[in-house]
Amino acid sequence: MESLLINLSGLAAIALTLWWFWLAPKRNTLQAVGADEKLEILVKDGVYEPDRICVPAGTETVLHFRREDASPCAEWVLFPDLEVSAQLAVDQVTDVTLPAADAGEYPFHCQMQMYRGALVVE
Ligand SMILES: [Cu+2]
């Protein structure tokens, strides 16, 4: 009986590990459904929330960045592959228009690459 309990707790630890590494990152995925949907991205504590944003291919997209981090680190957001950059005002929402893009994954980050996210075009 005792060994069964140990095995069960071992399985639970494995399950938790799998969840943490495989499933947990998907918590931040946001699916863009229609053009009318407002995509607001919180810029705070070193992370974009959500940090993975799905948008349809071939359509211009507007993202709304709400910067709540006053440190200079959070001031700019850059989409290097899309040649888009925007300066974010503190405690405000800044609209960032992204051009229509082909399917793929486009990273975005702050100017120091500490904040990091990905735009998933599909
Ligand atoms: Cu930064």
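Reading from the N terminus, the elements of this protein chain go α-β-β-β-β-β-β-β-β-β-β. That is one helix and 10 strands, where helices (H or I, at least four residues) and strands (E, at least two) are DSSP runs numbered from the N terminus.

Some ground rules. This is a predicted model, in which local features need pLDDT of at least 70 and side-chain atom pairs count only at pLDDT 80 or more, while totals for chains, interfaces and linings use all residues. Residues are numbered from 1 along each chain as its sequence is written, and side-chain values use heavy atoms, with hydrogens and water left out.

Next, confidence. pLDDT is the predictor's confidence in each residue, from 0 to 100. Its mean over the protein chain is 84, and 70% of the residues reach 70 or more. Over residues 23-27 the value falls below 50, and that stretch has five contacts in the model beyond near neighbours in sequence; contact means heavy atoms within 4.5 Å. Where pLDDT is low, the predicted coordinates should not be read in detail.

Now the chain as a whole. It has 122 residues, and 31% of them count as buried. Buried means under 20% relative accessible area, exposed over 50%, and partly exposed in between, using a 1.4 Å probe and protein chains only. Of the contacts between residues at least 6 apart in sequence, 56% join residues at least 24 apart.

As for L119, its contacts, leaving aside neighbours within four places in sequence, include I53, L63, F79 and F108.

Then the rings. There are six aromatic pairs in the structure. Rings of Phe, Tyr and Trp (its six-membered ring) pair if their centres lie within 6.5 Å; planes under 30 degrees apart count as stacked, over 60 as edge-to-face and the rest as tilted. Y48 and F108 make a tilted pair, 5.0 Å centre to centre with 45° between the planes. Y48 sits in strand β3 (residues 47-49) and F108 in strand β9 (residues 104-109), so this pair ties together parts that are 60 residues apart in sequence. Both are buried: Y48 has a relative accessible area of 2%, and F108 has 1%.

F108 also pairs with F65. Their centres are 6.0 Å apart and their planes stand at 80°, so this pair is edge-to-face. F65 belongs to strand β5 (residues 61-67), and 43 residues separate it from F108 in strand β9. Ring pairs link Y48, F65, F79, F108 and Y115 into a cluster.

Last, the metal. Which protein atoms are donors of the copper ion? They are C73 (O), C73 (SG) and C110 (SG), lying 2.0 to 2.7 Å from it. Donors are N, O and S atoms within 2.8 Å of the metal (3.2 Å for Na, K and Ca); water is not among the atoms, so sites may look incomplete. C73 lies in the loop between β5 and β6 and C110 in the loop between β9 and β10, so they tie together parts that are 37 residues apart in sequence. C73 is buried at 13% relative accessible area, and C110 is buried at 0%.
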